[in-house]
Amino acid sequence: MKGTQHIKRTKKFVRIIFVFGVAILWFNSPAYAYINPGIGSILSQILLGGLVGLVIVLKLYWAQVKKVFLNPFSKNRDRGNKDK
Amino acid sequence: MFEEGLDPASYRDPSGRVYIRDGRVFRTVMPYASGDFEYVQSTGLIEELEKEGLIVESKQVDPAILGDEIAGACYVIEHQRLPFISYPYEWSFPALKAASLLHLEIQLRSLAKGITLSDASAYNVQFVGPKPIFIDRLSLRRYQEGEFWLGHKQFCEQFLNPLLIRSIFGIPHNSWYRGALEGITSDDLVGLLPWRRKLTWKILTNVVLPAVFQKKATKELVAEQAKSYKNRKLPLITFRRILESLKEWISGLKPADTGKSVWSDYAKTHSYSSEELGHKRKFVSNFIESLKPKLVGDLGSNTGDYAAVALMAGVEYVVGFDYDQKALEIAFSRAQEERLQYLPLYLDAANPAPDQGWAQRERKGLNSRLTADAILALAFTHHLAIGRNIPLPELLNWLISLAPHGVIEFVPKSDPMVKHMLNFREDIFQDYTEERFLSYLESLANILETEVVSSTGRRLIRYSRR
């Protein structure tokens, strides 16, 4: 049971990363402007876009990592709750 | 106000142009922008911003009103007229900050309605009193899913970098900005920044990286990026995050030089006793009450004491001018706190803002913009006559040219302030006497009333131009 949950979670992550990757890199957006936005500014926004995506993905991973570390405690807590 | 006809400053954006007709301000909407104009209109954003006074009020009028001159325009809108057009190089630090925050606020609110701003020009912000107001209705257009913030570079050059040079180095933006009308480039700013500043996250991502990328981008890289650019996307969440973090950052910016200046304490340290001050205020107040001017220019406005007196006496709007940054900042905060229809601006009176920009017609000089009904020049003329060697006849001629009526204060050589100014220099001002001052003034204007208002012999003179 636990194993299937883990696989489901992993699949979910892969999907999220994939969606973000696609979102950052592949959508069509014919932006237009009469001013010159400047390549420097666009490149840093591409970078920022990637970073913000990365931070969100890392945050999700971090929750998992934290869970692994907190696992023994959370088990204890669970038992405690059950005892009650 | 501006000259009649096509506004020479509105050439950049093909969306439309600005026309002045009989003192009224019109904006055309060309076919290029009509779809966006209609979309923005349908979202209700404009009414929302107008209601809160964040955007200039406008109404649609019959295009025939402008005749053949605007052939091809789909719509014509008429804008509310503003009392005075000012430029970012005349704004104080808190004014530029308020304008920046308004730009970000409008950009954020627009995004929530599927709209974005096509540029980030600081000249699209004006002031009514200390309140910034957005004036370019046609910069608002449909947001395309995933598009980049195309105004980021312009925002940094015209808002952020000028604020940073003051908040990091204590250098006021005004002179630099006036020389570089498009703002302070990130490249220039990066050249000044110490390493530890360059590496702070916000400066790194908004200033340093764009400047470095811009500089290092080879022709090949630009060509390659241009190919894939259309396929790339900035997620809306990131776009919003960039705007929100800039808003947060700019809200907390303060000038680095927070000490007192010569003039910021003037209201407490000037050479008047409180009784004398009462006389001076009464004189100004009487002048305003009898003349009933609508727009007053206050030269040497300092922290806004006499602007406040004039407003109390019934003036509708006061534009103040001073060259002391601290005094301007105090004046601006005061106008905000007391909700005064008063806008204090930076001016070095010996070098007023000129006609400049494209064809020297884009940004107007002070004289052609200031159409004041009256001026106040209190404790002002000696700074030019003695401090800057401006000959009295020329000085008075300039002052009288600014408005048909006014009050000027003459500060004699016996006054401690003038004595202080002459402490370390030869007195080459044989001409600088009350008698000469009055006779020069009389050759240009009718002197209506004078009164000595201090024990040191300072005299207020009320005049009307001949």
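This is a predicted model: local features need pLDDT of at least 70, side-chain atom pairs count only at pLDDT 80 or more; totals for chains, interfaces and linings use all residues.

**How the two chains meet**

- The size of an interface is often given as the accessible area lost when the parts come together.
- For chain A and chain B, the buried area is about 3200 Å², and carbon and sulfur atoms give 67% of that area.
- Chain A brings 29 residues to the contact, while chain B brings 39 residues.
- There are zero salt bridges between chain A and chain B, but four residue pairs are in polar contact, both residues of each pair being at pLDDT 80 or more.

**The chain A side of the contact**

- On the side of chain A that touches chain B, the elements giving two or more residues are helix H1 (2-25) and helix H2 (39-83) of chain A.
- H2(A) gives the most to this side, with 14 residues.
- Sorted by type, the residues on this side are 21 nonpolar, eight polar and no charged.

**Two loop residues in chain B**

- B:Asp22 has a positive phi of about 50°, although it is not a glycine. Look for B:Asp22 in the loop between strand E2 (18-21) and strand E3 (24-29) of chain B. With a relative accessible area of 65%, B:Asp22 is exposed.
- B:Arg339 is not a glycine either, and has a positive phi of about 50°. B:Arg339 sits in the loop that lies between helix H14 (325-337) and strand E12 (342-346) of chain B. B:Arg339 is exposed, because its relative accessible area is 75% and exposed means over 50%.

Key. Residues are numbered from 1 along each chain as its sequence is written. Chains are lettered from A and ligands numbered from 1 in the order in which they are written. Side-chain values use heavy atoms; hydrogens and water are left out. Contact means heavy atoms within 4.5 Å. Buried area is the accessible area (1.4 Å probe) that two parts lose on being put together, summed over both. A salt bridge is a side-chain nitrogen of Lys or Arg within 4 Å of a carboxyl oxygen of Asp or Glu. A polar contact is a pair of N or O atoms within 3.5 Å; within protein, one must be able to donate a hydrogen and the other to accept it, and residues adjacent in sequence count only if both atoms are side-chain atoms. Helices (H or I, at least four residues) and strands (E, at least two) are DSSP runs, numbered from the N terminus. Ala, Val, Leu, Ile, Met, Phe, Trp, Tyr, Cys and Pro count as nonpolar, Asp, Glu, Lys and Arg as charged, and the others, Gly among them, as polar. Buried means under 20% relative accessible area, exposed over 50%, partly exposed in between (1.4 Å probe, protein chains only).
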